[in-house]
Amino acid sequence: MIRLGLFALFSLVCLGSVSAANDAPIRALLIDGQNNHNWKGTTPVLKSILEQTGRFKVDVVTAPPDETEGFDPPFRAYDVVVSNYNGKPWPEETQRKFEEYLAAGGGFVCVHAANNAFPEWPAYNEMIGLGGWGGRTEKDGPYLRLRDGKIVRDESPGRGGSHGKQHAFVVEHINTDHPIIAGLPAKWMHVADELYDRLRGPAKNITVLATAYSDPATGGTGEHEPLLFALDYGKGRVFHTALGHSVEAMKCAGFVTTLQRGAEWAATGQVTLKPPTTFPSAEATQSIE
Ligand code: ZN
């Protein structure tokens, strides 16, 4: 009896510890401090989007406003780094530490204008796959274009990064077996946002998860522009969303859901978050307060 009792107790302790490890929050580090966007408004929204799942614990690190000397976030203490940063280059030593962190199996989430950052940092451009502005042109890599349902590289010369007028538009998923979007509706109406177009970059180890039609009537390209991406970088993973210009754009249930699932995938390689009960239809937007 005593032996059985001890064995039962031992089993419970073991099961308990395994369960605790699986339930441990994902540690996320959100970086802001320099951005030509309203980072003071959007950082609390990004933090809340992740923490409301109960899956993430988010710390924020804010770069100095005018320079980055001495900026040295402790990347290795986190499962995923989320960038709401579009500003001056980080110190070379910090860049190297970030490359090592990600290559060794870290996670990275690039949000909207963070893909404008660091045009001169080759490894960063490999991490995000495609970027815009900052003098990006054909020298930085191809456009990705949707042709006959497949993504192809387009090496034609031209600028990297632009957008038409903000408006609501339909986001269309492709590669729908990817864990980030598996089980979600394949088309959803995103709230008014900037529809980034003509992004370009190395586009290596990249899976395009969604495109949206960039209508010339709103100043767009007439192309189905790629907007959501999953990438591998060494042993690390990157989720890149080109959506999210403003607080309002980030409250779209489609933005919220893909960010949560993308961040979980970047951190762990898996998505355990259940599909949401509220989600935009192909015809109507749906925002979350
Ligand atoms: Zn923007």
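Reader: Start with the sheet. In what order do the strands come?

Author: The model is predicted. Its open sheet has 9 strands, in the order β2-β1-β3-β4-β13-β12-β11-β8-β9. The pairing is mixed.

Reader: Which are the edge strands?

Author: β2 (56-62) and β9. Each of them pairs on one side only.

Reader: What does the twist average from one strand to the next?

Author: 25°.

Reader: How many bridges join β8 to β9, and do they run parallel or antiparallel?

Author: There are 5 bridges between β8 (residues 167-173) and β9, and the two strands run antiparallel. Phe169 has its bridge partner in β9, namely His190.

Reader: Now helices. Which strands does α2 touch?

Author: Helix α2 packs on the sheet and touches β1, β2, β3 (80-83) and β4 (107-111). Its direction makes about 160° with that of β2.

Reader: And α6, what does that one touch?

Author: α6 (residues 253-268) also packs on the sheet. The strands it touches are β1, β2, β3, β4, β9, β12 (224-233) and β13 (236-241). Relative to β13, the direction of α6 makes about 165°.

Reader: Switching to the metal. Which residues are the protein donors of the zinc ion?

Author: His37 through NE2, His112 through NE2, Glu194 through OE and His245 through ND1. They lie 2.0 to 2.1 Å from the zinc ion.

Reader: Why is the arrangement of the 4 donor atoms irregular?

Author: Because the angles they subtend around the zinc ion run from 93 to 158°. For tetrahedral, all angles would have to lie between 85 and 135 degrees.

Reader: How are the donor residues spaced in sequence?

Author: As H-x74-H-x81-E-x50-H. Take His37 and Glu194: they are 157 residues apart and link distant parts of the chain. His37 sits in the loop between β1 (26-32) and α2 (39-51). Glu194 is in the loop between β9 (187-193) and β10 (196-197).

Reader: Are His37 and Glu194 buried or exposed?

Author: His37 is buried, at 14% relative accessibility. Glu194 is buried too, at 7%. The cut-off for buried is under 20%.

Reader: Different spot. Where is Thr211?

Author: In strand β11 (residues 206-213). Thr211 is buried, with a relative accessible area of 1%.

Reader: What is Thr211 in contact with, leaving aside neighbours within four places in sequence?

Author: Its contacts include Leu146, Ile151, Val170, Glu172, His224 and Leu227.

Reader: And how far apart are Thr211 and Phe118?

Author: They are 24 Å apart in space, C-alpha to C-alpha, and 93 residues apart in sequence.

Key:
Residues are numbered from 1 along each chain as its sequence is written. This is a predicted model: local features need pLDDT of at least 70, side-chain atom pairs count only at pLDDT 80 or more; totals for chains, interfaces and linings use all residues. Side-chain values use heavy atoms; hydrogens and water are left out. Donors are N, O and S atoms within 2.8 Å of the metal (3.2 Å for Na, K and Ca); water is not among the atoms, so sites may look incomplete. Four donors count as tetrahedral if all angles lie between 85 and 135 degrees; four count as square planar and six as octahedral if opposite donors are over 155 degrees apart and all others between 65 and 115; anything else is irregular. Helices (H or I, at least four residues) and strands (E, at least two) are DSSP runs, numbered from the N terminus. Buried means under 20% relative accessible area, exposed over 50%, partly exposed in between (1.4 Å probe, protein chains only). Contact means heavy atoms within 4.5 Å. Two strands pair if DSSP finds at least two bridges between them. Axes are lines fitted to C-alpha atoms, for helices over the stretch in contact, and angles run from 0 to 180 degrees between N-to-C directions.
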